[in-house]
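Please read it beside the sequence and the model.

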Amino acid sequence: MTARAFTGENGDEDVTIKILFCGVCHSDLHVAKNEWGFTNYPVVPGHEMVGTVMKVGSDVKKFKVGERVGVGVIVGSCKKCESCQQDLENYCPQTIFTYNSHYTDGTKTYGGYSDMIVVDERYVLRFPDNLPSEGGAPLLCAGITVYSPMKYYGMTEPGKHLGVAGLGGLGHVAVKMGKAFGLKVTVISSSPKKETEAIERLGADSFLVTSDPAKMKAALGTMDYIIDTVSAVHPLLPLLSLLKLNGKLVTVGLPDKPLELPIFPLVLGRKLVGGSDIGGMKETQEMLDFCAKHGITADVEVIRMDYINTAMERLAKSDVRYRFVIDVASSLSQ
Amino acid sequence: MAKSPEQDHPQAAFGWAARDPSGLLSPLKFSRRTTGEKDVKFKVFFCGICHSDLHSVRNEWGFSTYPLVPGHEIVGEVVEVGSKVEKFKAGDKVGVGCLVGSCGSCDSCHDQLENYCPKMILTYGAMYHDGTMTHGGYSNMMVVDEHFAIKFPQNMPLDAGAPLLCAGITVYSPMKFFGLDHPGIHLGLVGLGGLGHVAVKFAKAMGVKVTVISSSPGKREEALQRLGADAFLISSDTNQVQAAMGTMDGIIDTVSAVHPILPLIGLLKQNGKLVLVGAPDRPLELPVFPLIFGRKIVAGSCIGGIQETQEMIDFAAKHKITADIEVISIDYVNTAMDRLAKNDVKYRFVIDIGNTLKEA
């Protein structure tokens, strides 16, 4: 592992990137407010960044100066373990996260709410030409976080029925990907007012309000899979009941407390609850290429850097459709 | 006026039943249906006592109706077959497990998964197609649709084979379905009781490395020396648990009491599977972070289909696997239930129905 001080020093395998845009992920908010208890201040958040290559190290093979690239949730891993060797750097026990983490020399990592970043080329993504920067940036976390489990858990068989719980940054991308895989998609939400959005703009086939007992009852045992993007503590029993026999509930949201897991529905229906955490670098590239091919981008509200605190407050209230993206290059003052 | 159990059907039968949620069993005269053209009638020789029998007689799951004749690990000998029966003849040894009926037309039934049919009919305490209650194996004879009768292997002892009909299939099915059934796999087994001890035997026959995870230090020698487990781990010993973190491909959890699953999730390797076959009566706490960071799953499984049950018992016969049992007379059944409630049995009681159940 090479040392990485925040000096702008570009190692042989590194790429220096001028950051153009950076998505605001809910994790940024959790970490900024130390809600998970391991924030190491000062923290510069941001792990959905798109920028231009300014400089490449002598051993860099994948990128040239001037290319448009992305950096997501991780900027390092051990490169030797079984996970790294299987292109699953996200499951490496020594993953180095884009912010609030440390390089092996002890220096901190700082994220994309900044003007530039230096990253080992292995952790840099090529941004497809026809993928816009603003709408594509959130795919680097939100996108891969739903794409990876959809592939791993086999939630991509055309004609099958996918439920997406939670219609936020992750959920809305999951709807678009689900449709691109040829699935029937039902959005499961606690907010009735998102229905028109979900069906008319995002293309979901149906919308289920969790507080409507009649509709929930009618939907029992109808879904092959559910991606649960909800990060607040919430009951799993209603979601498990929506699954068919052998149904899969995959959770990607990170509630700060354990959830209640009723066992009878798992046993009587041979159902499972699984987790998934972002994705490896190869898969993230595959996801970006998939999105470019199917015209999938996030729905974003572009903001200036000085709006960030207001944006965070609005995000805490889920008042955004569906990701803020900071126009870093235009608005980050020296 | 409601019919009594004796009047439901034309063939007289007798057994022992619970009459109220105290769960105390006592003799009951009841009746079995006519042996239909697809039915097999058999006299019962042995019946295993499953923990579900205890839950049911004491109405612990809340849906018991009385009188209730439990027992779904039943072995006997065929005395009569219906005109369209093809698989059995008089004199054959036969087994019946947890199911005696299903709809026959849904996707699950077509996929040989009668155990997941929404209209599956349990061997006892359930409503049969004709509206009468089903009664289980703590009784002298039974009439069963041949589809739900298991051919009992010639070389398998009847008494020690009986528990496989529930305990055996309950662990065999998820081992196969979740791919925890071949050399190279490291399987953890939580709970060393009726299900757990059979699971150890199956796993070793499949070439799987087995670690028993238990709360009872006294079971260590048993597990390692007699049952052949490769390792033994006390669940409350944090050092032992710590040392085994991230080492298991899968864990089959047979414990039906409420218990923490966080340590079990920690024992799994990345992509590991925790499969619950015991059903606690209250929800468990699910810590989400470890599932997400290790891409792990928590799943459930419920007995198995009939074809798979036959496959399981043939596998057991081939590998000379039977349950470890304590044979009892029917008069001992209430004491046995009390002992079972305290896990004081190695590892299944089996009632010698043939020799000890006499009509009152």
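1. In the hairpin of β1(B) and β2(B), six residues lie between the strands, and G23(B) takes a positive phi near 80 degrees. The two strands, β1 (residues 11–18) and β2 (residues 25–32) of chain B, run antiparallel and are joined by eight bridges. Within this pairing, A17(B) has S26(B) of β2(B) as its bridge partner. Strands are said to pair if DSSP finds at least two bridges between them. Helices (H or I, at least four residues) and strands (E, at least two) are DSSP runs, numbered from the N terminus.

2. On sources: this is a predicted model, in which local features need pLDDT of at least 70 and side-chain atom pairs count only at pLDDT 80 or more, while totals for chains, interfaces and linings use all residues. Residues are numbered from 1 along each chain as its sequence is written, chains are lettered from A and ligands numbered from 1 in the order in which they are written, and side-chain values use heavy atoms, with hydrogens and water left out.

3. Chain A contains a right-handed β-α-β unit made of β9(A), helix α6 (residues 195–201) and β10(A). A crossover is right-handed if, with the strands pointing away from the viewer, the path from the first strand over the helix to the second runs clockwise. Four bridges pair β9 (residues 184–189) with β10 (residues 206–209) of chain A in the parallel sense, and V187(A) stands opposite F207(A).

4. A right-handed β-α-β unit is also made by β11(A), helix α8 (residues 237–242) of chain A and β12(A). Here β11 (residues 223–228) and β12 (residues 243–251) of chain A run parallel, joined by five bridges, with Y225(A) opposite K248(A). Strand β12(A) pairs in the parallel sense with β14 (residues 272–275) of chain A as well, over four bridges; in that pairing V250(A) faces G274(A).

5. How many residues does each chain bring to the contact between chain B and chain A? Each of the two chains gives 34 residues, where contact means heavy atoms within 4.5 Å. The area buried between them is about 3,000 Å², with 70% given by carbon and sulfur atoms. Buried area is the accessible area (1.4 Å probe) that two parts lose on being put together, summed over both. In chain B, F289(B), I292(B) and R295(B) lose the most area to chain A, together 23% of what that side buries. On the side of chain B that touches chain A, α9(B) gives the most, with six residues.

6. Between chain B and chain A the count of salt bridges is zero, a salt bridge being a side-chain nitrogen of Lys or Arg within 4 Å of a carboxyl oxygen of Asp or Glu. Over all chains, the structure holds 34 salt bridges. One of them joins R323(A) to E48(A), whose closest N and O atoms are 2.8 Å apart. R323(A) lies in β16 (residues 323–327) of chain A and E48(A) in the loop between α1 (26–32) and β2 (49–56) of chain A, so the pair ties together parts that are 275 residues apart in sequence.
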